[in-house]
Amino acid sequence: MNVLGIETSCDETGVAICHSQQGLLSHALFSQVKLHAEYGGVVPELASRDHIRKLIPLIRRVMRAAGTAPSDIAGIAYTAGPGLIGALLVGASVARSLAWAWGIPCLAVHHMEGHLLAPLLEPDPPPFPFIALLVSGGHTQLVRVEGVGAYQTLGESLDDAAGEAFDKTAKMLGLGYPGGPELAKLAEEGVPGRFSFPRPMCDRPGLDFSFSGLKTHTLSTLATTEGKRQDQADVARAFQEAVVDTLVLKCRRALRECGLERLVAAGGVSANRLMRDKLGQMAKQEGCRVYFPRLEFCTDNGAMIAFAGCQRLQAGHAEPAEIHARPRWPLDELEPPR
Ligand code: KG4
Ligand code: ZN
């Protein structure tokens, strides 16, 4: 069974074809980073318009690369949320229209379900159950995953998401958008131990996060320096260490509290080198194993949506011919395929 996946929730147009037995057949991504860079962040209307321009050509390209005709596609999966409403509607209407024209089923996929299943695209995928750390630009969540669609949120950010904190702090440091990778690069030049940032909410029980205070800490620390490049690098390093240590501590706590031995880390921030290293070390100490998507599938992509759709369609999931687009959508509301 071939499933076409379409991702348009934010600033990447992603398309892929996933086969139920052979796995990923082809995928392509168009990033809008250049389009939004001069504004220092995503401009929703520009994002929607660019998805309109890029989506159909990308679908053509991916189908050609996989050698599939419309008659070879068994179903279409699209990101229905959470995300920018205009951007979501582009993917949703194209997916629904194509499925209607081709007479095949179509289904709405939760963007974060896509992220949390992305490591299952790799060889040697994690068996269920596992703990998932979802760290993206819009979400920071710890989720207990029993199977496809069986999710229990254990903790989440009460304010900024981890990626959002990276992006906002990067902006304060005068770095470009998206800030996460830029900040991580600058942090490599930082002197270890010059500054020490707090590890928010680590000294109390629970699995929630709070990252917004780190912005204030960044500002006040920067104000004590001359603002030279080395100062900025030292601040970037201290900030990154604080975020990563906090995430790692909560992952350790979640694994212990749930008595599980497998951890999945996914979403844009899971591309962060320091985080991958420190999660790996923690997992080793705990006698656990950590799984990541390959780097290109940490950030938004069509492959994870095609894969999630394929899992659901294979299990017989069917929905009425309606267009779904939800800017906000709690992951716990999902149900296993039916
Ligand atoms: O999952 P994603 O592509 O989009 C959302 O669903 O939000 O995540 C994007 C986020 C951005 O905030 C970006 O700065 C962050 O992931 N990010 C990183 C790194 N690569 C991407 N943050 C820290 N270190 C990185 N290497
Ligand atoms: Zn995402």
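Asn272 counts as buried, with a relative accessibility of 8%, where buried means under 20% relative accessible area, exposed over 50% and partly exposed in between, for a 1.4 Å probe and protein chains only. Asn272 belongs to the loop between strand 9 (262-266) and helix 9 (273-286); helices (H or I, at least four residues) and strands (E, at least two) are DSSP runs, numbered from the N terminus. The model is a predicted one, in which local features need pLDDT of at least 70 and side-chain atom pairs count only at pLDDT 80 or more, while totals for chains, interfaces and linings use all residues. Residues are numbered from 1 along each chain as its sequence is written, chains are lettered from A and ligands numbered from 1 in the order in which they are written, and side-chain values use heavy atoms, with hydrogens and water left out.

The side chain of Asn272 has several partners. With the side chain of Gln240 it forms a polar contact of 2.8 Å, that is, a pair of N or O atoms within 3.5 Å; within protein, one must be able to donate a hydrogen and the other to accept it, and residues adjacent in sequence count only if both atoms are side-chain atoms. A polar atom of the Asn272 side chain also lies 3.1 Å from the backbone nitrogen of Leu274. Towards ligand 1, a polar side-chain atom of Asn272 is 3.0 Å from a nitrogen atom of the ligand. Taken alone, ligand 1 exposes 550 Å², of which the protein buries 87% (Shrake-Rupley areas with a 1.4 Å probe; for residues, only the protein chains shown count as cover).

Who else surrounds the ligand? The shell around ligand 1 holds 17 residues, the closest being Gly137, Asp167, Gly180, Asn272 and Asp300; a residue is near a molecule if one of its heavy atoms lies within 4 Å of it. Oxygen atoms of ligand 1 lie 3.1 Å from a polar side-chain atom of His111 and 3.4 Å from a backbone N or O atom of Gly138. Helix 4 (111-117), helix 5 (162-172) and helix 6 (179-187) each supply at least two shell residues, and helix 5 gives the most, with 3. Because domain 1 (2-117 + 297-333) and domain 2 (128-292) both contribute to the shell, ligand 1 lies between them; these bounds come from an automatic or database domain assignment.
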